[in-house]
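Open the model in your viewer and keep the selection panel handy. We will go from one stop to the next, with a note on what to select at each.

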Amino acid sequence: MSQQSAEQVLEVVLPGVVEPTGLELRRRARPVPARGQALVRVEATGVSFAEQQMRRAKYYDQPPFPFVPGYDLVGTVAEVGPGVDAALVGGRFAALTKIGGWTSHALVDVADLVPVPVGIDPVEAETLVVNGLTAWQMLHGVAKVTAGQMVLVHGANGGVGSTLVQLARLAGARVIGTASPRHHDAVRELGATPIDYRATDLSARVRALAPNGVDAVFDHVGGPGIVDSYRLLAPRGTLVAYGTASTRDQEGSSRLPVLKLFARLLWWNALPNGHRATFFNIWAGKRDAPKFRARLNRDLGAVLALLADGSLRPQVAARVPLAQVADAVALAESGTVTGKVVLVP
Ligand SMILES: NC(=O)c1ccc[n+]([C@@H]2O[C@H](COP(=O)([O-])OP(=O)(O)OC[C@H]3O[C@@H](n4cnc5c(N)ncnc54)[C@H](OP(=O)(O)O)[C@@H]3O)[C@@H](O)[C@H]2O)c1
């Protein structure tokens with residue numbers, strides 16, 4: 001075994017339904033990349049809402065416990081497997097992983113690596129991998145928001161939400177953003193008009209700002225409030241649902257809230273009123289791997305280019321050492337942060 005491969009890997013294991021303090025740290029031998037793979041030395045990996053659901057066994061299609069969570073990462077290639085261009089070693093890349101990112105070294109198929117522009121802080125780039133892709137594809141691929149339109153972004157202080165607000169502003173749209181009052185200054189700074197998402201008269205407040213309704217609503221909350229989101233649409237407006245955050249702490253099936261939401265969206269789409277209602281899933285089309293990867297490269301490339309030229313302001317809520325993952329998860333779930341908590345191995 002070479003000196004390099006004898007090095008140890010530090011990774012975080014989610015052993016079952018646990019509090020953040022129940023996450024386990026594990027050391028193991030550094031793996032060797034197989035044909036077509038790279039071993040990435042991880043420099044930054046994010047804490048997403050998905051892991052909040054996974055640690056409650058509430059994520060739609062999570063693997064069986066135990067597993068290493070971690071939806072995305074940024075790092076440099078330390079070693080490549082057979083058949084891979086050795087020139088990749090030392091280059092910095094981003095990857096969307098869904099699980100497996102919370103580690104010091106990750107094996108990634110080379111075809112899944114997206115180059116990170118030179119000179120960008122890996123932690124800042126990390127805040128835009130799953131968040132940037134989700135926001136970009138919903139805004140430009142699904143809702144096709146254009147200059148002068150009015151959009152409503154729920155959770156405007158969150159990782160995806162704060163990116164959506166910025167991208168919508170860059171596209172020339174006006175933005176209303178829901179968030180807890182403690183985040184309103186931050187939401188205003190991003191360029192949106194904030195509204196308290198717990199306000200009982202939320203719809204009336206949106207109507208006061210957009211009397212004809214909004215051209216697009218981005219809703220990750222689901223639950224009964226999705227009805228208000230739909231009713232707030234302007235003629236020809238689009239509802240983009242992309243999560244069921246409000247059901248995270250409910251007992252029962254992880255799938256039922258999503259299936260109920262699908263049924264509702266199907267019904268709304270059957271109505272001849274010019275509105276569109278759709279569910280966005282970042283993994284849609286994954287079976288056609290070449291097409292999926294081409295789209296991922298194009299869209300993440302566009303987002304990272306906006307970061308590189310200073311148009312997008314990365315929202316780093318905190319940088320936390322990987323070994324302090326329990327603190328990072330607790331912070332991400334505290335409701336006190338704007339943007340993304342990033343783990344640094
Ligand atoms: N469909 C897809 O492909 C896809 C891809 C990526 C993400 N997502 C979804 O996107 C959402 C955001 O992810 P993220 O990583 O950006 O999360 P995040 O950074 O943790 O942000 C979550 C946001 O939601 C707000 N929030 C939490 N619970 C809420 C509730 N019950 N009602 C209303 N707002 C609530 C939070 O507000 P406070 O800070 O005030 O608590 C915060 O603004 C998640 O639901 C996630 O599952 C979906």
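Is the crossing in which helix 3 passes helix 4 left-handed or right-handed? It is a right-handed crossing; a crossing counts as right-handed if the near helix is turned clockwise from the far one by less than a right angle, and left-handed if anticlockwise.

Before moving on, a word on the model: it is predicted, with local features needing pLDDT of at least 70 and side-chain atom pairs counting only at pLDDT 80 or more, while totals for chains, interfaces and linings use all residues. Residues are numbered from 1 along each chain as its sequence is written, and side-chain values use heavy atoms, leaving out hydrogens and water.

**Stop 1: the helix pair**

Select residues 130-142 for helix 3 and 159-170 for helix 4. Helices here are DSSP runs of H or I with at least four residues, strands are runs of E with at least two, and both are numbered from the N terminus. The two axes come within 8 Å and cross at roughly 45°. Helix 3 is therefore oblique to helix 4 (under 35 degrees is roughly parallel, over 145 roughly antiparallel, 65 to 115 roughly perpendicular, and the rest oblique). Axes are lines fitted to C-alpha atoms over the stretch in contact, with angles from 0 to 180 degrees between N-to-C directions.

Now show side chains. Residues of helix 3 including W136, M138 and L139 meet residues of helix 4, among them V160, L164 and L167 (contact means heavy atoms within 4.5 Å). By class, this contact has 8 nonpolar, 5 polar and no charged residues.

**Stop 2: the ligand**

Keep V160 selected and show the ligand. Of the 22 residues around the ligand, N157, V160, S180, H220 and I282 come nearest (a residue is near if one of its heavy atoms lies within 4 Å). A backbone N or O atom of V160 is 2.8 Å from a ligand oxygen atom. For S180, a side-chain N or O atom lies 2.7 Å from an oxygen atom of the ligand.

**Stop 3**

Go to the loop between helix 1 (49-54) and strand 4 (72-80), where P66 lies. The peptide bond from F65 to P66 is cis, with omega near -5°. A57 is in the loop between helix 1 and strand 4 too, and has a positive phi of about 60° although it is not a glycine. Most residues other than glycine have a negative phi, and most peptide bonds are trans.

Conventions:
Ala, Val, Leu, Ile, Met, Phe, Trp, Tyr, Cys and Pro count as nonpolar, Asp, Glu, Lys and Arg as charged, and the others, Gly among them, as polar. A polar contact is a pair of N or O atoms within 3.5 Å; within protein, one must be able to donate a hydrogen and the other to accept it, and residues adjacent in sequence count only if both atoms are side-chain atoms.
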